[in-house]
Amino acid sequence: MRFFFTSIISVFILMGFSQGAPNLFNYQAILRDVNGEPIVNTPVGLRFSILQGSITSSAIYSEEHNSVTNDYGLVIIEIGSGTTTGDMSTIDWSNGPYYMSTEADYNGGTNYVDISTSQLLSVPYALYAETAGNSSLGPTGATGPTGATGSAGVDGATGATGPSFASFTNMQGGKVDIGNVTSTETLKVVTVTFPQPFTNPPNVICTAAEEPNTIYDDSFNLTVRQITTIGFEIVVNRVDGTWWGQDIDAYWLAFE
């Protein structure tokens with residue numbers, strides 16, 4: 001009796017978890033007679049060969065299987081698990097194209113006749129994914145040209161260095177009781193003597209403050225003059241009137 005196969009190559013990779021995916025993929029075929037009826041529960045011998053490069057190339061791998069069709073004439077084969085003297089794991093699936101030749105013995109033996117040869121499309125890529133992460137890197141490409149150097153920025157001007165208290169060789173300070181004045185014509189002038197003479201006339205800063213518990217609210221201006229190495233004068237005048245009624249203090253700081 002003459003038979004023929006309706007075959008399907010199923011792209012299915014069995015998971016191998018931490019040990020990696022095995023080199024297996026499923027092959028399904030339905031065995032039919034000349035009238036197209038399924039041949040059920042019948043032994044069949046199968047041989048599968050992998051061809052590289054073209055449909056007429058020599059086989060680089062072959063394996064054989066013995067199977068039995070089921071109640072629907074279907075056989076399911078795991079290609080990669082048959083009887084073989086080769087090793088499918090050595091196939092470099094990235095170096096295709098690849099084709100698969102299918103041969104069968106409808107009596108379950110090894111007297112094979114050719115059934116079909118078709119190109120493998122998805123299956124090699126799925127198996128190649130197992131080793132793609134471990135493949136060696138390709139050669140490094142040529143270095144591209146260096147871009148033009150940008151223009152240099154312009155530095156801003158350096159600001160003047162301010163004074164630093166740590167650089168002063170001598171610093172003195174104190175408080176002076178200015179007192180009060182009732183005259184409308186006389187400026188208050190107070191002489192301050194430094195506790196220790198300076199080597200050179202120092203810089204002097206002076207400010208005023210009302211004495212505690214005063215009942216007045218007047219404004220004053222303090223002017224420093226006659227600065228020498230041993231002292232200076234403070235000139236006091238009221239800026240919102242001609243005389244004042246409360247006592248004020250003057251705080252001074254001299255440094256060189």
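A residue is called buried when its relative accessible area is under 20%, exposed when this area is over 50%, and partly exposed in between, as computed with a 1.4 Å probe on protein chains only. The structure is a predicted model, in which local features need pLDDT of at least 70 and side-chain atom pairs count only at pLDDT 80 or more, while totals for chains, interfaces and linings use all residues. Residues are numbered from 1 along each chain as its sequence is written, and side-chain values use heavy atoms, with hydrogens and water left out.

Strands are DSSP runs of E with at least two residues, numbered from the N terminus, and two strands pair if DSSP finds at least two bridges between them. Four strands form an open sheet with antiparallel pairing in the order 4-3-6-7, in which strand 4 (59-68) and strand 7 (113-120) are the edge strands, each pairing on one side only. Strands 3 and 6 run antiparallel and are joined by eight bridges; Q52 has Y98, in strand 6, as its bridge partner.

Side chains of opposite charge can pair when their charged atoms come close. With a salt bridge defined as a side-chain nitrogen of Lys or Arg within 4 Å of a carboxyl oxygen of Asp or Glu, the count is two. In one of them, R47 meets E103 with an N to O distance of 2.8 Å; because R47 lies in strand 3 (residues 43-52) and E103 in strand 6 (residues 98-105), this pair ties together parts that are 56 residues apart in sequence. E103 is buried at 14% relative accessibility, whereas R47 is partly exposed at 26%. A salt bridge also links E233 and R225, whose closest N and O atoms are 2.8 Å apart; E233 is partly exposed at 21%, and R225 is partly exposed at 38%.
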